[in-house]
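Open the structure in your viewer and keep the selection tool at hand.

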Amino acid sequence: MIIVNRILLSAIALMASSAVPASPWSNESRAALAELCRVVTGEDKVRDKVIEKPAFSSGGSSFCPKTVVRGQTATTIGFRVYTGQWSLAAESHLSSLGKNYRMTKATVFKRSHGKVESSEALDPSKQYTWEHDSVSLEFEPLDAKARMCDFIEYEGSNFNVEGIRLDGKHYPFALGKPKPYPYAKDEPLCAITPQYGKARYTCYMYRHDGTENREKMVMFGLNNQFSKDRFLSFTENGYDIEASCTYTAALAAPYPFQQFGVMMIPGYETTIKVDETASVASNAQTYKKPIPTYSIIQFEGPLADLQQVNYDERWIYYHFNKVSADSLWDVLQDKVQEIEKNKAYSRRQKDFGRLKAEQTYLRRYLECVEEGSANLEDSHAAELIFLKDGRSFYILGNDKYLGYAHANHIDGVVTEWMEGFAQAMNLAKRIRGMETVPETAFDTIPAIYRKELRAMNDSTRLAIERLRNAAAEVTVMDTPDCTGEEFIEKVVRENPGVVLFFDLWATWCGPCMNGIKAMEPLKSQWAGRPIRFVYVTNESSPTNQWTKQIASMPGIHYRLPDKIWNAIPNLNGIPQYYIYDTQGNLFYEQTGFGGIDPLKEKIEEALSLQNP
């Protein structure tokens with residue numbers, strides 16, 4: 001019988017081989033026989049299925065699957081981690097066909113210059129650094145019928161990855177060819193006049209099947225120049241902002257793996273369509289060929305063509321970054337020529353592109369001035385078009401270049417606007433600092449800014465009244481007289497003999513609010529014990545919203561100017577927690593909120609170390 005089987009297998013292999021001339025067997029028959037040969041020999045049972053660069057439908061920019069290995073005893077996924085500090089929850093799992101598959105093993109790799117230096121078993125309680133940029137996760141073997149799976153760390157995690165394909169295929173794209181822009185190819189960019197009004201941004205994100213995905217809409221930073229308010233009038237899939245500035249907001253769109261600035265100019269609306277799957281595929285490089293930009297993102301509206309250039313040139317600063325003052329002008333000329341030669345751009349787009357390049361040149365030039373390698377008087381100032389007429393208002397949103405304009409004798413509507421803005425901003429800083437100003441303070445402010453500043457003043461007046469009526473346990477501190485580097489230690493010195501729990505947060509930060517909400521019920525457990533809670537935010541938390549929030553947050557509260565906040569050491573993200581013991585020593589620190597239990601445990605430990 002053994003001999004017969006060997007003969008049969010030999011015959012099958014020979015018939016399946018393409019080496020047999022003039023064979024009556026079709027290619028399909030040969031393939032079937034070859035498969036039968038593998039089944040009979042058991043060869044199919046020892047081979048793992050490997051999927052390189054698997055396509056996936058949705059995920060963040062921090063955690064990207066690179067390899068999937070499907071075996072009989074485990075399913076292994078290799079991920080690259082693109083973030084400075086990270087951790088991974090022990091309850092991470094795969095989900096497929098309505099079933100969860102637990103993680104059985106995890107290995108973290110440390111790399112240097114692209115090469116693996118070391119590896120270690122994942123510790124869910126440990127914070128890893130940017131050097132630990134790869135992790136291999138083993139899970140229970142997936143069902144043989146599974147054609148895709150989801151990686152779930154926990155609900156709401158930035159590391160969740162959905163729709164990981166296990167067949168090596170790609171998802172289709174949802175966007176068709178874009179509509180043509182409503183401008184003639186040779187029409188130049190016209191000047192605009194600053195006005196007070198509403199700017200509107202609307203985004204539609206589409207899944208691979210063409211359906212709109214509103215559940216995945218992400219709100220990013222949207223700042224009013226005067227109030228520093230964020231997320232103004234966010235409604236479903238759009239932002240509205242009423243303002244008197246020109247380029248009023250720096251908004252990073254809900255775009256997987258990338259963030260980019262969107263122009264929000266009073267009186268103009270922009271619609272953006274994003275194919276989430278195409279974006280993922282492009283940035284995760286699951287496609288061998290480049291994906292056309294129009295398959296990833298499309299703009300519509302009167303600013304659509306300029307928004308496209310703004311997107312295309314989102315990395316423009318890297319052309320000028322760290323360039324010496326002596327070489328800066330030559331770099332600008334090369335970039336302008338590159339834009340001029342772009343056959344896809346219209347005259348309007350080329351004019352705007354040049355403004356964008358010149359603005360970036362000025363940004364780097366002012367850095368050189370601060371470094372001491374250049375003088376504020378620029379020998380090339382007369383050759384620039386930026387700051388010379390109303391076209392600059394497409395990308396000008398503050399008075400950053402006012403000193404340059406004065407030093408180089410650049411007069412006109414742009415300089416006048418920056419002077420008025422600087423005057424209004426000085427008054428806004430007073431109001432943001434919880435000072436209410438009399439009506440006469442607005443008399444010398446340009447009329448275009450008065451409505452915004454009066455509204456800010458009214459909000460501050462209400463906020464002060466609210467704090468007066470707040471619970472006695474809420475203590476609002478004045479801006480400290482120190483640097484950001486000194487701030488934490490200063491607060492520690494001013495509160496001796498107690499455990500200090502620092503919570504660095506913001507009103508717009510979801511994880512921050514989750515942590516604050518989880519901590520509040522625990523405070524009663526520590527009543528009468530030597531512990532104080534210190535809550536620290538910055539100007540990105542709107543005054544009115546901040547005062548509403550803290551009214552129900554017993555503790556010591558600081559709202560720091562950005563200059564102090566930005567200089568706090570090792571502040572890489574929020575929420576950021578510090579626990580100091582009764583001796584004034586740093587006992588524990590943590591970035592991000594991964595549940596209340598670790599924080600509760602460390603507070604208990606710090607309290608147990610207090611002096612008898």
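Which elements do the buried residues of α13 pack against? The model is predicted, and in it they pack against the strands β19 (499–504), β20 and β22 (576–580), and against helix α16 (597–608). Select residues 510–519 to bring up helix α13 itself. Its buried residues are Cys512, Gly515, Ile516 and Met519. Looking down the axis of α13, you will find them within an arc of 100 degrees, so they line one face of the helix.

Next, select helix α14, residues 543–550. Here Thr543, Trp546, Thr547 and Ile550 are buried. These residues cover an arc of only 95 degrees around the axis, which puts them on the same side of α14. Now show what covers them: the cover includes helices α10 and α11, along with β18 (474–476), β20 (531–538) and β21 (555–560).

Two of those names lead to the last stop. Select α10 (residues 413–432) and α11 (residues 447–468) together. Their axes come within 10 Å and cross at roughly 5 degrees. Angles under 35 degrees count as roughly parallel, so α10 is roughly parallel to α11.

To see where the pair touches, show side chains on both helices. From α10, the residues in contact are Trp417, Gly420, Phe421, Ala424, Leu427, Ala428, Ile431 and Arg432. They meet Tyr449, Leu453, Met456, Asn457 and Thr460 of α11. Coloured by class, this contact has nine nonpolar, three polar and one charged residues.

Terms used. Residues are numbered from 1 along each chain as its sequence is written. This is a predicted model: local features need pLDDT of at least 70, side-chain atom pairs count only at pLDDT 80 or more; totals for chains, interfaces and linings use all residues. Side-chain values use heavy atoms; hydrogens and water are left out. Axes are lines fitted to C-alpha atoms, for helices over the stretch in contact, and angles run from 0 to 180 degrees between N-to-C directions. Helices (H or I, at least four residues) and strands (E, at least two) are DSSP runs, numbered from the N terminus. Angles under 35 degrees count as roughly parallel, over 145 as roughly antiparallel, 65 to 115 as roughly perpendicular and the rest as oblique. Contact means heavy atoms within 4.5 Å. Ala, Val, Leu, Ile, Met, Phe, Trp, Tyr, Cys and Pro count as nonpolar, Asp, Glu, Lys and Arg as charged, and the others, Gly among them, as polar. Buried means under 20% relative accessible area, exposed over 50%, partly exposed in between (1.4 Å probe, protein chains only). The arc is that of the directions from the helix axis to the C-beta atoms.
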